[in-house]
Amino acid sequence: MSQQTQITPSAQDAPIKQGWLAKLELGFAPIANKTRLSLNRSFGPLRVQRPFHPELEAPDCCHVYLLHPPGGLVAGDQLLMNVECLEGSKVVLTTPASGKLYRSNLARQQQAQQQRFHLENNSSLEWLPPETIVFNGAQGRLDSHFMLQGNAQLIAWEITCLGRQASDEEFEHGELLQSIKVYREQRPLLIENTRIDNAVSANNPAALAGQSVYACMLATVDQLSETLQKQLLESLRSQLDCPQLGLSLLRGLLVLRYLGNNAEQVRKQFEQAWAIIRPCTLGLKAVAPRIWNT
């Protein structure tokens, strides 16, 4: 009697999927006493809502919401975004929903999101997105690079969730490559590369130590005196009550790091930190984007 052999397809034999390619180019410039969206060029499912100016104390500050209708990235998808903040512009960027990297396919095709932010002298950018959820089996790549000129000011954060706690799904296999870089006048203030390739590396005490949520918040403070930098650091330490949160100063860059299991907790901590940092570095009271209240 013949014996049947079951053949399991390998990654090499798996079909390659044609994913979505989406590109977005945004440019901001001060026009008629307000920061205006001077360039809005898009290709594929990546858009922005109509810009508005909700801040009474800073009517020149432009709030913009990024929209990605598919809601997440599947195998082969690429999101490419380039943002130019011209001299004197003030911009707040966020999104209405969390980003998602869904399970990839047998071919282990990458799902990539690349973001480039260019800030000219005397401009400011606040990049404040919700968390990115990395599904089990995803093959993700997340790159966020910030290039600053002159005395440009930056406040930004990235929140990453491995697996889906609400569904009791852990990140057991897959890969995530993540890069965050900040330069001022081509001088590196921060270069950070993270690789999580399976549950073993995620559980490594030298990596995530079994935690599923990690996050980084950045704020340029190199335009402040050393005394004011230290005062800001102490103010944050005294007002933020979260043992999973660490703070440090690196070459004029204030860095807050979180390692834990609660995305809502880190989001609230970062929002509280933003309310402390913004008046010190930008001279403006924190005005939360309206979309956060919906």
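Biologist: Are H2 and H3 roughly parallel or roughly antiparallel to each other?
Modeller: In this predicted model, where local features need pLDDT of at least 70 and side-chain atom pairs count only at pLDDT 80 or more, residues are numbered from 1 along each chain. Helix H2 spans residues 226-239 and helix H3 residues 263-281, and the two pack at an angle of about 160 degrees (helices are DSSP runs of H or I, at least four residues). Because angles over 145 degrees count that way, H2 and H3 are roughly antiparallel.

Biologist: How far apart are the axes of H2 and H3?
Modeller: Each axis is a line fitted to C-alpha atoms over the stretch in contact, and angles run from 0 to 180 degrees between N-to-C directions. For the packing of H2 with H3, the axes lie apart by 10 Å.

Biologist: Which residues in H3 does H2 meet?
Modeller: Side-chain values use heavy atoms, with hydrogens and water left out, and contact means heavy atoms within 4.5 Å. From H2 come Leu232, Ser235, Leu236 and Gln239. Their partners in H3 are Gln272, Ala273, Ile276, Ile277 and Cys280.

Biologist: How many residues of this contact are nonpolar?
Modeller: Leu, Ala, Ile and Cys are among those that count as nonpolar. The contact of H2 with H3 has no charged residues and three polar ones, while the nonpolar residues number six.

Methods: Parallel < 35°, antiparallel > 145°, perpendicular 65-115°, else oblique.
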